[in-house]
Amino acid sequence: MKRFWHYALPLFLILVFAAFLVSPLSPAKKALTVPGKWPAYVMIDPGHGGYDPGVLSDGLREADLALSIGKELQKELADQMIPAVMTRSTDIDFAQPGLRGITAKRSDLARRVNMAFEQGATMYISLHANVSPLATRGGAEVFYPADLPEAKKLAEIIQKKLHALPGMTKRDAKAANYYLLRNQNIPALIIECGYLNISGDRSKLISPPYQRQLAQAIAEGVQEYLDSK
Ligand SMILES: [Zn+2]
């Protein structure tokens with residue numbers, strides 16, 4: 001009998017431990033369960049920051065604009081009970097110290113993608129603004145990775161919501177092969193919120209009420225996408 005317990009007790013403890021690991025109540029699983037009404041956890045990525053200001057236009061920095069819109073988006077999503085985190089909430093970058101140029105940029109982008117993965121994000125929205133001397137019209141534009149149908153669906157819903165903004169130039173959502181998109185396996189988008197060198201877009205983009213409207217449209221798109229699932 002003593003011999004039985006000699007083996008049975010450790011075996012029992014191993015079974016309890018294994019059950020604990022696979023149980024839906026185990027802490028490991030619970031940590032991945034995100035609070036809120038929807039089964040979504042949005043990683044908001046305000047583009048650029050730190051050493052990289054993004055595009056510049058008459059004293060405007062893309063990095064600052066992306067951050068302002070990102071903060072609004074987090075608030076709008078919170079209002080809809082959709083939990084969201086930001087890759088950055090201050091003017092920082094994620095490049096490994098000592099790197100320069102394209103290597104620094106790649107290291108910065110890789111860190112952003114990894115953050116979404118590590119935190120178990122189910123959706124990734126990177127915010128940007130454009131400058132193009134060739135652009136004759138402005139407008140917000142949503143990009144998605146071509147090989148992710150769910151990303152395309154989310155992109156098209158958000159693009160349609162953006163069309164409803166006052167004075168919005170109606171552009172189409174487009175597939176693109178950007179690093180931030182092709183290295184994700186969750187619906188990932190890059191949203192170019194408008195053109196800083198097109199005066200109509202510029203004056204709207206710098207206005208906090210418009211930034212809020214823009215964020216609201218994106219959040220409504222996220223909600224509609226989740227409702228459709
Ligand atoms: Zn950008």
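This is a predicted model: local features need pLDDT of at least 70, side-chain atom pairs count only at pLDDT 80 or more; totals for chains, interfaces and linings use all residues.
**Ground rules.** Local features need pLDDT of at least 70 and side-chain atom pairs pLDDT 80 or more, while totals for chains, interfaces and linings use all residues. Numbering runs from 1 along each chain as its sequence is written, and side-chain values use heavy atoms, with hydrogens and water left out.

**Zinc.** I looked up which protein atoms hold the zinc ion, and found H48 (NE2), E62 (OE) and H128 (ND1) as donors, 2.0 to 2.1 Å away. Donors here are N, O and S atoms within 2.8 Å of the metal (3.2 Å for Na, K and Ca); water is not among the atoms, so the site may look incomplete. Along the chain the spacing reads H-x13-E-x65-H. H48 sits in the loop between β1 and β2 and E62 in helix α3 (residues 62-79), so this pair ties together parts 14 residues apart in sequence. Helices (H or I, at least four residues) and strands (E, at least two) are DSSP runs, numbered from the N terminus.

**H48 and E62.** I checked burial next: H48 has a relative accessible area of 13% and E62 one of 3%. The side chains of H48 and D52 come within 2.7 Å of each other in a polar contact. That term covers N or O pairs within 3.5 Å; within protein, one must be able to donate a hydrogen and the other to accept it, and residues adjacent in sequence count only if both atoms are side-chain atoms.

**Core.** I then looked at the largest nonpolar core, which has 44 residues. Such a core is a set of buried Ala, Val, Leu, Ile, Met, Phe, Trp, Tyr and Cys residues joined through side-chain atoms within 4.5 Å. Its largest share, 9 residues, comes from α8.

Terms used. Buried means under 20% relative accessible area, exposed over 50%, partly exposed in between (1.4 Å probe, protein chains only).
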